[in-house]
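Here is a short report on strands and their packing. Have the sequence and the 3D view open as you read.

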Amino acid sequence: MRIELASAPGSPERPNEDWACGALPASGQGGALVLLDGVTPPPGDDGCVHSVPWFTARLGGALVELSGSRPDLTLPEILAEAIARTADAHRVTCDLSHVRTPQATVVLARWGADAVEHLVLSDSALLLESRDGTVRAVLDDRLDRLPPGSLASNEIADATVRNQEGGFFTAAADPSVASRAVTGSTPAADVRALAALTDGATRWTEVFGEGDWADALRLLRKAGPQALIDRVRDLEAADAAAGRVRLRRGKTHDDATALLVELD
């Protein structure tokens, strides 16, 4: 088994709000991966005295611990418990009801002798490669299905679609959001590799169209996660120099993280 990870901030002037970990138990049997993309709040009060990196580190650490120590829990139950633990860690000091309380997208996978389980919440991606080389992308596409104008401003998004019915969901302070995640299970014998990408890294496929998901996984295997991120940065820089605008939402450069797990 091999795990390879790379992450880069969108700007050297801001901390990287992504968080990722690949974990193998001491027994050598099975494992788990966690990838979070912290949501950058707009300027102003978000009701919390903590930073987004503080939140993603707390949530990510809880997800890793629970994935390894609680095989009796489903992945949605693990996410719900991790959110509850993280909320309890700052409930006394912060207003967790604030719409912009720290939050993150989630990719969670756990594998053992029999199955590879997965969970995806919001717009990070999980790729599953089968033994014959076929690649399946597990995506939560709610952001892409929003009514036109839903993301026209932070105020509109917060009032109408953020963590609301008919909108999109992220892991914040409400454990019940775990039931909104895209989940599933694949026989372990059918999976050769997994890859998790935050949306700063999925731009290689989703924004710039440099290849499909199978091409992205091949690039990760051949050149490594850092090479994929470097190519995204080159494409972003070329667009900026040419005055092209291809992003439907987000920043010119975003935090980008890629995690590859080869099970064989």
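## Basis

This is a predicted model, in which local features need pLDDT of at least 70, side-chain atom pairs count only at pLDDT 80 or more, and totals for chains, interfaces and linings use all residues. Residues are numbered from 1 along each chain as its sequence is written, and side-chain values use heavy atoms, without hydrogens and water.

## The five-stranded sheet

Five strands form an open sheet in the order β1-β10-β9-β6-β7, with antiparallel pairing. Strands are DSSP runs of E, at least two residues; helices are runs of H or I, at least four. Pairing requires at least two DSSP bridges between two strands. The twist averages 15 degrees from one strand to the next.

Helix α5 (residues 213-223) packs on this sheet and touches β1, β6, β7, β9 (191-197) and β10 (256-262). Contact means heavy atoms within 4.5 Å. The direction of α5 makes about 95 degrees with that of β9. Axes are lines fitted to C-alpha atoms, for helices over the stretch in contact; angles run from 0 to 180 degrees between N-to-C directions.

## Strand β4

Eight of the eight residues of β4 (residues 104-111) are buried, so the strand is largely enclosed by the rest of the structure. Buried means under 20% relative accessible area (1.4 Å probe, protein chains only). One side holds Ala104, Val106, Leu108 and Arg110; the other holds Thr105, Val107, Ala109 and Trp111.

Strand β3 (residues 31-38) pairs with β4 in the antiparallel sense over eight bridges. Gly31 has Trp111 as its bridge partner in β4. Six bridges join β4 to β5 (residues 115-121), also antiparallel. There, Arg110 stands opposite Glu117. A hairpin of three residues links β4 to β5.

Note on methods. Buried means under 20% relative accessible area, exposed over 50%, partly exposed in between (1.4 Å probe, protein chains only).
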